[in-house]
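Subject: Handover of a structure for your review

Dear colleague,

Please find below the structure that I am passing on to you. My notes on what was found in it follow directly after.

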Amino acid sequence: MSHPLLPIHRDRIAAELADLATFSDPPSPGVTRVLFSAPDLAARNWLQGRFREEGLEVRPDAVGNLFARWIGEDPDLPAVATGSHIDAVPHSGCFDGTVGVLGALEAFRALRESGFQPKRSLEIVVFSAEEPTRFGISCLGSRALAGRLRPEDLEALRDEAGTSFAELREGAGLGHLPLAELAPPRYAAFLELHIEQGPLLEREGTAIGAVEAIAAPAAYRIRWEGAAGHAGTLLMPDRRDALAGAAEGILAVERAAKESGSCDTVATVGQIAVSPGALNSVAGSASFGIDLRDIDRARRERVASAIHEAFEEIARRRHLELAWEAIYEDPPAVCDPGLVVQILESAGRFGLRARRMISRAYHDSLFLARLCPIAMIFIPCRNGRSHCPEEYSSPAEIEAGVRVLADCLRGLAS
Ligand SMILES: [Zn+2]
(Lines give C-alpha, C1' and ligand atoms only; values in the text may rest on other atoms or scores of the structure.)
Protein backbone atom coordinates (compact mmCIF):
# COMPACT_ATOMS: atom_id res chain seq x y z
CA MET A 1 0.00 0.00 0.00
CA SER A 2 1.51 3.34 -0.96
CA HIS A 3 0.87 6.54 0.94
CA PRO A 4 1.43 10.12 -0.17
CA LEU A 5 4.52 11.54 1.52
CA LEU A 6 3.25 13.62 4.41
CA PRO A 7 4.00 17.35 4.18
CA ILE A 8 5.82 17.84 7.49
CA HIS A 9 7.36 21.27 7.99
CA ARG A 10 10.43 20.95 10.18
CA ASP A 11 10.92 24.72 10.31
CA ARG A 12 7.42 25.22 11.63
CA ILE A 13 7.96 22.79 14.52
CA ALA A 14 11.35 24.34 15.29
CA ALA A 15 9.78 27.82 15.36
CA GLU A 16 6.94 26.67 17.61
CA LEU A 17 9.35 24.91 19.99
CA ALA A 18 11.26 28.20 20.23
CA ASP A 19 8.01 30.12 20.82
CA LEU A 20 6.95 27.72 23.57
CA ALA A 21 10.39 28.05 25.20
CA THR A 22 9.77 31.77 25.72
CA PHE A 23 7.14 30.89 28.37
CA SER A 24 9.64 30.42 31.17
CA ASP A 25 10.68 31.74 34.54
CA PRO A 26 14.21 33.22 34.64
CA PRO A 27 17.13 32.73 34.48
CA SER A 28 17.84 32.07 30.83
CA PRO A 29 19.22 30.16 29.02
CA GLY A 30 17.17 27.23 30.09
CA VAL A 31 13.48 26.72 30.53
CA THR A 32 11.66 26.65 33.88
CA ARG A 33 7.95 25.96 33.61
CA VAL A 34 6.38 24.64 36.78
CA LEU A 35 2.78 23.45 37.08
CA PHE A 36 0.27 26.35 37.25
CA SER A 37 3.02 29.02 37.45
CA ALA A 38 2.46 32.18 35.37
CA PRO A 39 4.60 30.89 32.46
CA ASP A 40 2.80 27.52 32.58
CA LEU A 41 -0.63 29.17 32.42
CA ALA A 42 0.51 31.45 29.57
CA ALA A 43 1.96 28.48 27.69
CA ARG A 44 -1.30 26.56 28.10
CA ASN A 45 -3.19 29.52 26.66
CA TRP A 46 -0.83 29.83 23.72
CA LEU A 47 -1.10 26.12 23.02
CA GLN A 48 -4.89 26.14 23.11
CA GLY A 49 -4.77 28.92 20.53
CA ARG A 50 -2.59 26.77 18.23
CA PHE A 51 -4.97 23.83 18.67
CA ARG A 52 -8.06 25.92 17.91
CA GLU A 53 -6.38 27.39 14.80
CA GLU A 54 -6.21 23.82 13.50
CA GLY A 55 -9.90 23.32 14.17
CA LEU A 56 -9.34 20.94 17.08
CA GLU A 57 -11.94 20.70 19.83
CA VAL A 58 -10.15 21.70 23.04
CA ARG A 59 -11.15 20.79 26.59
CA PRO A 60 -9.29 20.75 29.92
CA ASP A 61 -10.04 18.35 32.75
CA ALA A 62 -10.14 19.05 36.46
CA VAL A 63 -6.41 18.51 37.06
CA GLY A 64 -5.22 20.51 34.06
CA ASN A 65 -4.78 17.78 31.46
CA LEU A 66 -5.61 19.29 28.09
CA PHE A 67 -7.31 17.38 25.27
CA ALA A 68 -7.45 18.54 21.64
CA ARG A 69 -9.59 16.37 19.37
CA TRP A 70 -9.83 15.99 15.61
CA ILE A 71 -13.25 14.44 15.31
CA GLY A 72 -13.34 11.35 13.13
CA GLU A 73 -15.99 10.13 10.72
CA ASP A 74 -17.17 7.69 13.36
CA PRO A 75 -16.96 9.71 16.58
CA ASP A 76 -18.41 6.87 18.65
CA LEU A 77 -15.35 4.66 18.13
CA PRO A 78 -12.62 4.91 20.80
CA ALA A 79 -10.18 7.63 19.71
CA VAL A 80 -6.50 7.19 18.90
CA ALA A 81 -4.44 9.44 21.17
CA THR A 82 -0.95 10.90 21.26
CA GLY A 83 0.75 13.55 23.34
CA SER A 84 3.17 14.32 26.16
CA HIS A 85 3.80 17.20 28.57
CA ILE A 86 4.92 20.84 28.45
CA ASP A 87 6.04 21.42 32.04
CA ALA A 88 9.79 21.71 32.53
CA VAL A 89 12.00 21.21 35.58
CA PRO A 90 14.02 24.30 36.64
CA HIS A 91 16.83 25.32 34.21
CA SER A 92 16.02 22.59 31.72
CA GLY A 93 15.72 22.40 27.95
CA CYS A 94 12.94 22.98 25.44
CA PHE A 95 12.55 19.50 23.91
CA ASP A 96 11.56 17.17 26.77
CA GLY A 97 7.81 16.57 26.43
CA THR A 98 7.24 19.51 24.08
CA VAL A 99 8.41 17.52 21.04
CA GLY A 100 5.61 15.05 21.72
CA VAL A 101 3.00 17.82 21.96
CA LEU A 102 4.04 20.16 19.12
CA GLY A 103 5.13 17.11 17.07
CA ALA A 104 1.63 15.70 17.44
CA LEU A 105 0.16 19.01 16.28
CA GLU A 106 2.44 19.00 13.22
CA ALA A 107 1.49 15.36 12.54
CA PHE A 108 -2.20 16.33 12.58
CA ARG A 109 -1.55 19.25 10.19
CA ALA A 110 0.43 17.06 7.81
CA LEU A 111 -2.31 14.43 7.80
CA ARG A 112 -4.95 17.05 7.12
CA GLU A 113 -2.91 18.70 4.36
CA SER A 114 -2.41 15.28 2.75
CA GLY A 115 -6.19 14.97 2.51
CA PHE A 116 -6.52 12.31 5.21
CA GLN A 117 -9.84 12.05 7.01
CA PRO A 118 -9.71 9.85 10.14
CA LYS A 119 -12.40 7.28 10.82
CA ARG A 120 -11.63 7.25 14.53
CA SER A 121 -11.16 10.58 16.27
CA LEU A 122 -7.55 11.62 16.84
CA GLU A 123 -6.68 13.32 20.11
CA ILE A 124 -3.66 15.19 21.47
CA VAL A 125 -3.29 14.93 25.25
CA VAL A 126 -1.12 17.44 27.12
CA PHE A 127 -0.56 15.89 30.52
CA SER A 128 -0.49 18.08 33.61
CA ALA A 129 2.72 18.06 35.69
CA GLU A 130 4.74 15.15 34.33
CA GLU A 131 7.64 16.52 36.36
CA PRO A 132 7.45 16.26 40.15
CA THR A 133 8.79 19.82 40.73
CA ARG A 134 5.80 21.34 42.50
CA PHE A 135 4.24 18.49 44.49
CA GLY A 136 6.94 15.82 44.55
CA ILE A 137 4.75 13.45 42.51
CA SER A 138 5.62 12.85 38.88
CA CYS A 139 3.05 12.18 36.14
CA LEU A 140 0.35 13.82 38.25
CA GLY A 141 -2.08 14.26 35.34
CA SER A 142 -1.71 10.82 33.78
CA ARG A 143 -1.63 9.18 37.23
CA ALA A 144 -4.97 10.82 38.08
CA LEU A 145 -6.45 9.79 34.71
CA ALA A 146 -5.43 6.20 35.32
CA GLY A 147 -7.05 6.23 38.75
CA ARG A 148 -3.70 5.88 40.53
CA LEU A 149 -4.21 9.05 42.58
CA ARG A 150 -7.37 9.50 44.63
CA PRO A 151 -9.13 12.86 44.15
CA GLU A 152 -9.10 13.58 47.89
CA ASP A 153 -5.32 12.93 48.10
CA LEU A 154 -4.77 15.16 45.09
CA GLU A 155 -6.76 18.08 46.52
CA ALA A 156 -4.84 17.87 49.79
CA LEU A 157 -1.38 18.10 48.16
CA ARG A 158 0.56 21.19 49.21
CA ASP A 159 3.59 22.74 47.54
CA GLU A 160 6.57 24.11 49.49
CA ALA A 161 4.87 27.48 49.91
CA GLY A 162 1.90 25.71 51.52
CA THR A 163 -0.49 26.29 48.59
CA SER A 164 -2.84 23.39 48.03
CA PHE A 165 -3.55 21.75 44.71
CA ALA A 166 -7.20 22.73 45.18
CA GLU A 167 -6.27 26.43 45.43
CA LEU A 168 -3.95 26.23 42.44
CA ARG A 169 -6.44 24.60 40.12
CA GLU A 170 -9.01 27.17 41.23
CA GLY A 171 -6.53 29.87 40.21
CA ALA A 172 -6.00 28.13 36.88
CA GLY A 173 -9.71 28.40 36.17
CA LEU A 174 -10.37 24.69 36.66
CA GLY A 175 -12.14 24.94 40.00
CA HIS A 176 -15.59 24.45 38.46
CA LEU A 177 -14.63 21.00 37.11
CA PRO A 178 -15.36 18.40 39.79
CA LEU A 179 -12.48 15.98 40.42
CA ALA A 180 -14.91 13.16 40.91
CA GLU A 181 -15.70 13.34 37.21
CA LEU A 182 -12.15 12.47 36.21
CA ALA A 183 -13.26 9.60 34.03
CA PRO A 184 -10.50 7.80 32.15
CA PRO A 185 -10.75 8.38 28.40
CA ARG A 186 -11.39 5.29 26.31
CA TYR A 187 -8.65 5.13 23.74
CA ALA A 188 -7.98 2.53 21.06
CA ALA A 189 -4.26 3.26 21.40
CA PHE A 190 -1.84 5.87 22.76
CA LEU A 191 1.51 6.81 21.19
CA GLU A 192 4.03 9.19 22.76
CA LEU A 193 6.81 10.82 20.76
CA HIS A 194 9.70 11.80 23.05
CA ILE A 195 13.41 12.58 22.99
CA GLU A 196 15.45 9.60 24.20
CA GLN A 197 17.11 11.46 27.13
CA GLY A 198 19.94 8.95 26.73
CA PRO A 199 22.85 8.43 24.33
CA LEU A 200 22.03 5.17 22.49
CA LEU A 201 20.27 6.38 19.34
CA GLU A 202 22.75 9.16 18.63
CA ARG A 203 25.72 6.87 19.28
CA GLU A 204 24.42 4.29 16.79
CA GLY A 205 23.18 6.75 14.19
CA THR A 206 19.65 5.38 14.62
CA ALA A 207 16.75 7.73 13.87
CA ILE A 208 13.89 5.97 15.66
CA GLY A 209 13.61 3.98 18.88
CA ALA A 210 10.51 1.83 19.29
CA VAL A 211 10.04 1.51 23.03
CA GLU A 212 9.09 -2.00 24.16
CA ALA A 213 8.95 -1.45 27.92
CA ILE A 214 9.11 1.41 30.39
CA ALA A 215 10.99 0.91 33.63
CA ALA A 216 9.21 2.09 36.73
CA PRO A 217 10.54 3.16 40.09
CA ALA A 218 9.81 2.13 43.61
CA ALA A 219 11.02 4.46 46.34
CA TYR A 220 11.59 3.73 50.02
CA ARG A 221 12.39 5.90 53.01
CA ILE A 222 14.69 4.34 55.61
CA ARG A 223 15.60 5.49 59.08
CA TRP A 224 18.38 3.98 61.17
CA GLU A 225 18.20 4.77 64.86
CA GLY A 226 21.14 4.22 67.22
CA ALA A 227 22.58 6.27 70.05
CA ALA A 228 24.44 9.56 69.68
CA GLY A 229 27.57 10.09 71.74
CA HIS A 230 30.96 11.73 72.21
CA ALA A 231 33.47 10.70 69.52
CA GLY A 232 36.24 10.52 72.15
CA THR A 233 34.64 8.95 75.17
CA LEU A 234 32.18 6.46 73.64
CA LEU A 235 34.33 3.35 73.17
CA MET A 236 33.92 1.17 70.10
CA PRO A 237 32.33 -1.90 71.76
CA ASP A 238 29.62 0.30 73.30
CA ARG A 239 28.59 2.10 70.15
CA ARG A 240 25.27 1.95 68.27
CA ASP A 241 26.45 4.05 65.33
CA ALA A 242 23.51 4.76 63.00
CA LEU A 243 25.67 6.12 60.20
CA ALA A 244 27.98 3.11 60.12
CA GLY A 245 24.87 0.89 59.86
CA ALA A 246 23.45 3.08 57.10
CA ALA A 247 26.78 2.90 55.24
CA GLU A 248 26.62 -0.89 55.28
CA GLY A 249 23.03 -0.60 54.11
CA ILE A 250 23.98 1.55 51.11
CA LEU A 251 26.50 -1.06 49.99
CA ALA A 252 23.81 -3.73 50.39
CA VAL A 253 21.55 -1.71 48.05
CA GLU A 254 24.27 -1.55 45.42
CA ARG A 255 25.03 -5.28 45.77
CA ALA A 256 21.37 -6.33 45.51
CA ALA A 257 20.93 -4.44 42.24
CA LYS A 258 24.19 -5.79 40.78
CA GLU A 259 23.23 -9.34 41.70
CA SER A 260 19.66 -9.22 40.33
CA GLY A 261 20.72 -11.04 37.17
CA SER A 262 19.69 -8.19 34.86
CA CYS A 263 21.24 -4.88 33.88
CA ASP A 264 17.68 -3.49 33.85
CA THR A 265 17.74 -3.36 37.65
CA VAL A 266 19.14 -0.10 39.02
CA ALA A 267 19.16 1.02 42.63
CA THR A 268 20.36 4.34 44.00
CA VAL A 269 20.87 6.04 47.34
CA GLY A 270 21.43 9.65 46.36
CA GLN A 271 21.03 11.53 49.61
CA ILE A 272 21.45 10.96 53.32
CA ALA A 273 20.64 12.95 56.44
CA VAL A 274 22.61 12.40 59.64
CA SER A 275 21.86 13.58 63.15
CA PRO A 276 23.39 15.25 65.07
CA GLY A 277 25.79 15.60 62.13
CA ALA A 278 29.01 16.79 63.77
CA LEU A 279 32.61 15.80 63.14
CA ASN A 280 33.08 14.76 66.75
CA SER A 281 29.72 13.06 67.39
CA VAL A 282 28.70 9.47 66.89
CA ALA A 283 25.58 9.54 64.71
CA GLY A 284 22.37 8.88 66.61
CA SER A 285 20.26 8.56 63.50
CA ALA A 286 20.63 8.40 59.74
CA SER A 287 17.92 8.52 57.05
CA PHE A 288 18.07 7.96 53.33
CA GLY A 289 15.85 7.18 50.37
CA ILE A 290 16.24 4.32 47.91
CA ASP A 291 15.24 4.70 44.25
CA LEU A 292 14.84 1.21 42.76
CA ARG A 293 13.89 0.68 39.11
CA ASP A 294 13.28 -2.20 36.76
CA ILE A 295 11.14 -3.16 33.77
CA ASP A 296 10.15 -6.39 35.55
CA ARG A 297 7.98 -5.87 38.58
CA ALA A 298 8.55 -9.32 40.13
CA ARG A 299 12.33 -8.91 39.91
CA ARG A 300 12.11 -5.43 41.39
CA GLU A 301 10.08 -6.81 44.28
CA ARG A 302 12.63 -9.61 44.85
CA VAL A 303 15.44 -7.05 44.98
CA ALA A 304 13.46 -4.85 47.38
CA SER A 305 12.96 -7.82 49.73
CA ALA A 306 16.64 -8.75 49.50
CA ILE A 307 17.57 -5.19 50.49
CA HIS A 308 15.04 -5.16 53.31
CA GLU A 309 16.36 -8.47 54.69
CA ALA A 310 19.96 -7.26 54.49
CA PHE A 311 18.97 -4.11 56.41
CA GLU A 312 17.30 -6.17 59.14
CA GLU A 313 20.41 -8.29 59.54
CA ILE A 314 22.61 -5.17 59.79
CA ALA A 315 20.25 -3.57 62.31
CA ARG A 316 20.18 -6.72 64.47
CA ARG A 317 23.94 -7.11 64.46
CA ARG A 318 24.55 -3.43 65.26
CA HIS A 319 21.67 -3.07 67.75
CA LEU A 320 19.97 -0.38 65.68
CA GLU A 321 16.27 0.34 65.20
CA LEU A 322 15.18 0.23 61.58
CA ALA A 323 12.14 1.95 60.02
CA TRP A 324 11.32 1.00 56.42
CA GLU A 325 8.57 2.79 54.52
CA ALA A 326 7.49 2.41 50.88
CA ILE A 327 6.87 5.87 49.36
CA TYR A 328 5.59 4.53 46.01
CA GLU A 329 5.85 1.36 43.96
CA ASP A 330 4.73 2.18 40.42
CA PRO A 331 4.18 -0.76 38.09
CA PRO A 332 6.45 -0.96 35.01
CA ALA A 333 4.70 -1.08 31.62
CA VAL A 334 5.09 -3.33 28.62
CA CYS A 335 4.28 -1.66 25.32
CA ASP A 336 1.83 -3.23 22.89
CA PRO A 337 3.85 -5.58 20.62
CA GLY A 338 1.67 -4.74 17.61
CA LEU A 339 2.25 -1.00 18.04
CA VAL A 340 6.00 -1.57 18.40
CA VAL A 341 6.05 -3.47 15.09
CA GLN A 342 3.99 -0.73 13.48
CA ILE A 343 6.58 1.90 14.52
CA LEU A 344 9.46 -0.21 13.18
CA GLU A 345 7.67 -0.87 9.88
CA SER A 346 6.73 2.76 9.49
CA ALA A 347 10.36 3.83 10.01
CA GLY A 348 11.39 1.22 7.43
CA ARG A 349 8.98 2.65 4.85
CA PHE A 350 10.68 6.03 5.14
CA GLY A 351 14.19 4.57 5.03
CA LEU A 352 14.80 5.52 8.68
CA ARG A 353 17.05 3.30 10.78
CA ALA A 354 15.13 2.02 13.79
CA ARG A 355 15.63 -0.28 16.77
CA ARG A 356 13.70 -1.67 19.70
CA MET A 357 14.65 -0.21 23.06
CA ILE A 358 13.68 0.25 26.68
CA SER A 359 12.77 3.52 28.34
CA ARG A 360 14.73 3.81 31.55
CA ALA A 361 13.18 7.13 32.39
CA TYR A 362 9.45 7.02 32.94
CA HIS A 363 6.78 8.93 31.16
CA ASP A 364 3.03 9.59 31.14
CA SER A 365 2.76 6.53 28.86
CA LEU A 366 3.53 4.39 31.91
CA PHE A 367 0.13 5.34 33.36
CA LEU A 368 -1.74 5.38 30.03
CA ALA A 369 -0.69 1.73 29.75
CA ARG A 370 -3.27 1.00 32.43
CA LEU A 371 -6.00 2.35 30.16
CA CYS A 372 -5.14 1.21 26.64
CA PRO A 373 -2.41 -0.28 24.39
CA ILE A 374 0.57 2.10 24.28
CA ALA A 375 3.96 2.54 22.66
CA MET A 376 6.59 5.27 22.53
CA ILE A 377 8.64 6.67 19.65
CA PHE A 378 12.08 7.89 20.71
CA ILE A 379 14.30 10.24 18.70
CA PRO A 380 17.99 11.01 19.38
CA CYS A 381 19.10 13.93 21.50
CA ARG A 382 22.59 15.39 21.48
CA ASN A 383 25.01 13.62 23.82
CA GLY A 384 22.01 12.04 25.52
CA ARG A 385 21.59 15.18 27.62
CA SER A 386 18.27 16.26 29.06
CA HIS A 387 16.88 18.38 31.92
CA CYS A 388 19.57 20.98 31.16
CA PRO A 389 19.82 23.93 28.74
CA GLU A 390 22.10 21.84 26.46
CA GLU A 391 19.19 19.50 25.64
CA TYR A 392 18.87 19.40 21.82
CA SER A 393 17.33 17.44 18.97
CA SER A 394 17.77 18.75 15.43
CA PRO A 395 14.82 19.77 13.22
CA ALA A 396 15.65 16.81 10.95
CA GLU A 397 15.60 14.36 13.88
CA ILE A 398 12.28 15.77 15.07
CA GLU A 399 10.84 15.63 11.56
CA ALA A 400 11.70 11.92 11.35
CA GLY A 401 9.89 11.25 14.61
CA VAL A 402 6.85 13.26 13.53
CA ARG A 403 6.77 11.40 10.20
CA VAL A 404 6.66 8.02 11.92
CA LEU A 405 4.10 9.29 14.45
CA ALA A 406 1.85 10.69 11.70
CA ASP A 407 2.14 7.50 9.67
CA CYS A 408 1.23 5.33 12.66
CA LEU A 409 -1.71 7.59 13.59
CA ARG A 410 -2.95 7.37 10.01
CA GLY A 411 -2.84 3.59 10.18
CA LEU A 412 -4.55 3.42 13.56
CA ALA A 413 -7.31 5.94 12.83
CA SER A 414 -8.19 4.66 9.34
ZN1 LIG B 1 9.37 14.10 29.38
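The crossing of helices α1 and α3 is right-handed. Please bear in mind throughout that this is a predicted model.

**Helix packing: α1 with α3**

Helix α1 covers residues 10–21 and helix α3 covers residues 98–113; the two pack at an angle of about 135 degrees, and their axes are 10 Å apart. The helices α1 and α3 are therefore oblique to each other. On the α1 side the contact is made by Arg12, Ile13, Glu16, Leu17 and Leu20. On the α3 side the contributors are Thr98, Leu102, Gly103 and Glu106. By class, the residues of this contact of α1 with α3 divide into four nonpolar, two polar and three charged.

**Helix packing: α1 with α12**

Helix α1 also packs against α12, where the axes come within 9 Å and cross at roughly 110 degrees. That angle makes α1 roughly perpendicular to α12. From α1, the residues Arg10, Asp11, Ile13 and Ala14 take part, and they meet Pro395, Ala396, Ile398, Glu399 and Val402 of α12. The contact of α1 with α12 contains six nonpolar, no polar and three charged residues. Ile13 is listed in the contact with α3 and again in the contact with α12.

**Helix packing: α10 with α12**

Helix α12 (residues 395–413) meets helix α10 (residues 337–349) as well; here the axes come within 9 Å and the crossing angle is roughly 120 degrees. It follows that α10 and α12 are oblique to each other. The crossing of α10 past α12 is right-handed. Gln342, Ile343, Ser346 and Ala347 are the residues of α10 involved, and their counterparts in α12 are Val404, Asp407, Cys408 and Gly411. This contact of α10 with α12 has four nonpolar, three polar and one charged residues.

**Domain arrangement**

The chain is divided into two domains: domain 1 consists of residues 10–215 together with 332–413, and domain 2 of residues 217–329. Taken over C-alpha atoms, the centres of domain 1 and domain 2 are separated by 36 Å. Five residues from domain 1 and seven residues from domain 2 make up the contact. On the side of domain 1 that touches domain 2, the residues comprise five nonpolar, no polar and no charged.

Is His85 buried or exposed? His85 has 29 other C-beta atoms within 10 Å, and a residue counts as buried at 20 or more, so His85 is buried. His85 is placed in strand β4, residues 79–85. Apart from its neighbours within four places in sequence, His85 is in contact with Gly97, Val126, Phe127, Glu130 and Asp364. The C-alpha atoms of His85 and Ser142 are 9.9 Å apart, while the two residues are 57 residues apart along the chain.

Arg203 belongs to helix α7 (residues 200–204). With 11 other C-beta atoms within 10 Å, Arg203 is exposed. Arg203 and Pro380 are separated by 177 residues in sequence and by 8.8 Å in space, C-alpha to C-alpha.

**Backbone geometry**

Which residues does a cis peptide bond join? Ser28 and Pro29 are joined in this way, with omega at about 0 degrees. Pro29 sits in the loop between α1 and β1 (31–33). The peptide bond from Ser275 to Pro276 is also cis, with omega near 0 degrees. Pro276 is in the loop between β12 (272–275) and β13 (281–282).

For His91, phi is near 55 degrees. His91 lies in strand β5 (residues 88–92) and counts as partly exposed, with 17 C-beta neighbours inside 10 Å. For Ala129, phi is near 50 degrees, likewise a positive value in a residue other than glycine. Ala129 is in the loop between β6 (122–127) and α4 (140–145). Ala129 is buried, with 27 other C-beta atoms within 10 Å.

With kind regards

Methods:
Residues are numbered from 1 along each chain as its sequence is written. This is a predicted model: local features need pLDDT of at least 70, side-chain atom pairs count only at pLDDT 80 or more; totals for chains, interfaces and linings use all residues. Domain bounds come from an automatic or database domain assignment. Two residues are in contact if their C-beta atoms, placed from the backbone, lie within 7 Å. Ala, Val, Leu, Ile, Met, Phe, Trp, Tyr, Cys and Pro count as nonpolar, Asp, Glu, Lys and Arg as charged, and the others, Gly among them, as polar. Axes are lines fitted to C-alpha atoms, for helices over the stretch in contact, and angles run from 0 to 180 degrees between N-to-C directions. Helices (H or I, at least four residues) and strands (E, at least two) are DSSP runs, numbered from the N terminus. Angles under 35 degrees count as roughly parallel, over 145 as roughly antiparallel, 65 to 115 as roughly perpendicular and the rest as oblique. A crossing is left-handed if the near helix is turned anticlockwise from the far one by less than a right angle, and right-handed if clockwise. A residue is buried if 20 or more other C-beta atoms lie within 10 Å of its own, exposed if 12 or fewer, and partly exposed in between; C-beta atoms are placed from the backbone.
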